[in-house]
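Please open the structure in your viewer and keep the selection panel at hand. The stops below say what to select next and what is found there.

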Amino acid sequence: MKKYLKLAAYAALLLLLPFATGLALGKTWVRILDFALLYVMLALGLNIVVGFAGLLDLGYVAFFAVGAYCYALLASPHFGLHLPFWMILPIGAFAAGIFGMLLGAPTLRLRGDYLAIVTLGFGEIIRIFLNNLDTPYNITGGPQGVDLIDPIRLGPFSLNQPPGHAVYSYYFLFLLFALATAFVSMRLQHSRIGRAWAAIREDEIAAEAMGIDTRNVKLLAFAMGASFGGLSGGLFAGFEGFVSPESFTLTESIMILSMVVLGGMGHIRGVIFGALLLSILPEALRYVGPLEQSLFGKIVVDPSSLRMLLFGLSLILVMLLRPAGLWPSPARKRELLAHGDTAKHENTGVYDAGR
Amino acid sequence: MAIPQNTRTPASMMQDAKLLEAHDIGRTFGGLAALSGVSLTINRGEIYALIGPNGAGKTTLFNILTGIYKPDSGNFRLEGVEMAGKKPSEMAKSGISRTFQNIRLFANMSAIENVMVGRHCRTSGSVLGAILGNSRTRAEEKAIAENAKHLLDYVGLSKHAHMLARNLSYGDQRRLEIARALATEPKLLALDEPAAGMNPLETDSLKILLETIRRDGVTLLLIEHDVKLVMGICDRLAVLNFGKKIAEGVPSQVCSNPLVIEAYLGVS
C-alpha cells in the first residue's frame, strides 16, 4: 500500500512538473525539461554499452544522429516523404542498431583506450558524412541540414497543435519514452543477457570460457545501446523540426558519457540522475549574466565560459571524491567500502558494479 | 548429493568408454615447438592428470583442449565429435568446461551471480523475453537461480552466496570457480592447478570435492604441481616434457618410469 502511495506521488510529481515549471519559470524551462528527458534516454542507451558491458564508446552521438536524420529524411519536404512517426521511430531505432553493429563488428577485439579511439573516429565519420552528403546528390542537406520536419502527430492531433504549447505535449511524449527506456534497461540488466554483459565487463576471457559467445553478446550491447540513441534521435528531430550536423559533435558524445560516469556507471537511477543534473543545472547559468549586470553593472565573467569551467571542475571533484559516481549502485558502493564481510546480504539482485 | 542438473546417462549404459581422444596434437609459438605429437585418451568417469616440469607444454595442451588456442596439427574428439579449432564458448557448449590457474572470477559480481553466468549456455532467454518478462523467461530465471544455489551448496559456499567474489577467501574463490564451471554441465571438467596456493587443509577438502564430482559422473582433467595430490587422486596420468608425452599410465607405473624420474630429477 505504501509502495502504491509512493508511486502515485511520483506520478503526480511528474505530471504536474511541466505546468509548475511553466508557471514559475516560463516555457523556456519546460523546453529544458524536454531536452533533459531526451538526454535521459541517451544516457540510458549509452549506459548499456558503457555501464553494463563495459565497452567505452566515445562516438555515441552518431546513433542519435542516425535516428534524427532518419526521421528528418522520411518526414519532411526534403524528399517529399511524410511517413507517420510510429513508422519512422522504429525505422530510426533499427537503422541506428545496424550502425551500432557496424561499429561493433570491427572493434570486437579492442578494449579500453583503443576501443575509445575507434568509437571516437566512428562518431566523427558519421558527422562528416552528414556534412558532405549534399553532393553529388543532395541526401542529407549538407551543413544546412534538413528543416521543415513534420511534427510528431498522434492521429489527427499534432503535438505542435496547441500553438505555443508544444513543449507541454512533447514533455509527456518524452516522459513516456524515457520511462519505457528505463524499464527496458532495468529488465535487461536483471536478465540472462544482462548477466552476460556484466561477465564480459568483469573478465572477457572467463566469460567466453563459460560458454558466452562474447562476439554476439557484445554486438547485441552495441545494437541495443545504439537503438536507444536512434529512438531519441527521432524524437529530437520531430521536436526541433530541424536537424543539422552541428547538433552531433564530439562534445555531445562526451556530454552523454559524462552523464553516465557522473551519475554512476551501470546504475540506472544514478544514470538518470546524472542526465538530469548535467542537462538542467548548466541552464541555471543563464541567470548569471543578468545577475552580474545588476551587481557589478557589467559582465565580469562570460557565463558561457563559466559553464565549461564549472563543468570541468565538477567532473574533477566527482572523480576525486566520489569515483563511483554521485549515485552508484549498492554493489559498487560496497566494493569501495572494501569491507566485504559486512556486505549487506539483502541485495540479491545486484550485479551492476562497475570496474 | 548429486550435481543437480545432471541428466546424463549412467556410465554403464555408454557403449564407448572413451570420452576424449586427442591425436597427434602439435603447436608452435614462433620457432618453439610447445607441443608436438601429443596423443592421449581420457576415459569416462576417470580423473586424468597432466604433469610435467615447468614449460613442458601442459598449459598449452590445456588451452588447446579448452579452445583458447587452435592446434597447428592434430585433432581431438569429444564423444566422437571433432573439436579442434572451436571457440572457447563452443567448447563449453559441447561439454568441456574449465577453471583458470590464476583465478578469473567475475570479481565484482556476487558468488551466486558468478555461478548463474555459468548457466548462460544452457539457457535461452532472449532480449524480448527479458523485456516482456513472460512466464517462460521468469521460470527460466528461477531455475537458473535455483541451480546456482544448489551448486554453491554442492561446493560448500552457500553461506557466502551474496558476497562479492573478490571478497571470498582464496580457497573459496577456487571452489567458486569450480561451481561456475559445473554450472555449464560439463562432460569434462578441466582444472588448471586447482590446488595452487592452497594450504594442506584446503588441499584435503579440495580432494574430497574432486572425488565427489567424479562420483557424480563428471570426468576430470587436471594439471597439478602438487605431486602428492595428483598421485593420491588420479586414476591415470600423462607426463609431458619439452612438448612431448614421455609417459602415460596409472600413478604407480608412471612414478617408476625412468624417463619421468629423469625429467623431474635429472640424470645421475
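This is a predicted model: local features need pLDDT of at least 70, side-chain atom pairs count only at pLDDT 80 or more; totals for chains, interfaces and linings use all residues.

How many of the residues of helix H7 (residues 192–202) of chain A are buried?

**Stop 1: a covered helix in chain A**

Select residues 192–202 of chain A, and you have helix H7, which is mostly covered, with 11 of its 11 residues buried. The buried residues of H7(A) include A:Arg192, A:Arg195, A:Arg201 and A:Glu202, and among them are also A:Ile193, A:Trp197 and A:Ile200.

**Stop 2**

The buried residues here are B:Ala111, B:Ile112, B:Glu113, B:Asn114, B:Val115, B:Met116, B:Val117 and B:Gly118. What covers them includes H7 of chain A, together with helix H5 (135–155) and helix H6 (170–182) of chain B.

**Stop 3: the largest nonpolar core**

Which residues touch the most other members of the largest nonpolar core? Select A:Ala43 and B:Ala179, which hold that place among the 177 residues of the core. The largest share of this core, 16 residues, comes from helix H2 (residues 27–52) of chain A, while domain 1 (17–95 + 186–268) and domain 2 (110–185) of chain B each contribute at least three residues.

**Stop 4: two helix pairs in chain A**

Keep H2(A) on screen and show H6(A) beside it; the two pack at an angle of about 15°, with their axes 9 Å apart. Because of that angle, which is under 35 degrees, H2(A) counts as roughly parallel to H6(A). The crossing of H2(A) and H6(A) is left-handed.

For the second pair, select helix H3 (residues 61–74) and helix H9 (residues 214–240) of chain A, whose axes come within 6 Å and cross at roughly 45°. With that angle H3(A) is oblique to H9(A), and the crossing of H3(A) and H9(A) is right-handed. On the H3(A) side, the residues that meet the other helix include A:Phe63, A:Phe64, A:Gly67 and A:Tyr71, and on the H9(A) side they include A:Gly229, A:Gly230, A:Gly233, A:Gly234 and A:Phe236.

**Stop 5: the two domains of chain B**

Colour chain B by its domain assignment, which gives domain 1 (17–95 + 186–268) and domain 2 (110–185). Taken over C-alpha atoms, the centres of these two domains of chain B are separated by 27 Å, and the contact takes 10 residues from domain 1 and 11 residues from domain 2. On the side of domain 1 that touches domain 2, helix H2 (88–94) and helix H7 (200–215) of chain B each supply at least two residues, and H2(B) gives the most, with 3 residues.

Where is B:Pro200 placed? This proline is in helix H7 of chain B, and B:Pro200 counts as exposed because it has 10 other C-beta atoms within 10 Å. Draw a distance from B:Pro200 to B:Phe100, and you will find the two 20 Å apart in space, C-alpha to C-alpha, and 100 residues apart in sequence.

**Stop 6: backbone details in loops**

Return to chain A and select A:Pro136, in the loop between helix H5 (112–132) and strand E3 (146–147). The peptide bond that leads from A:Thr135 to A:Pro136 is cis, with omega near -5°.

Further along chain A, in the loop between E3 and strand E4 (153–154), is A:Leu148, which has a positive phi of about 55° although it is not a glycine. A:Leu148 is exposed, with 11 other C-beta atoms within 10 Å.

Finish in chain B with B:Phe242, found in the loop between strand E9 (236–241) and strand E10 (244–249). Phi of B:Phe242 is near 50°, a positive value in a residue other than glycine, and with 15 C-beta neighbours inside 10 Å, B:Phe242 counts as partly exposed.

Conventions: Residues are numbered from 1 along each chain as its sequence is written. Chains are lettered from A and ligands numbered from 1 in the order in which they are written. A nonpolar core is a set of buried Ala, Val, Leu, Ile, Met, Phe, Trp, Tyr and Cys residues joined through C-beta atoms within 7 Å. A residue is buried if 20 or more other C-beta atoms lie within 10 Å of its own, exposed if 12 or fewer, and partly exposed in between; C-beta atoms are placed from the backbone. Helices (H or I, at least four residues) and strands (E, at least two) are DSSP runs, numbered from the N terminus. Domain bounds come from an automatic or database domain assignment. Axes are lines fitted to C-alpha atoms, for helices over the stretch in contact, and angles run from 0 to 180 degrees between N-to-C directions. Angles under 35 degrees count as roughly parallel, over 145 as roughly antiparallel, 65 to 115 as roughly perpendicular and the rest as oblique. A crossing is left-handed if the near helix is turned anticlockwise from the far one by less than a right angle, and right-handed if clockwise. Two residues are in contact if their C-beta atoms, placed from the backbone, lie within 7 Å.
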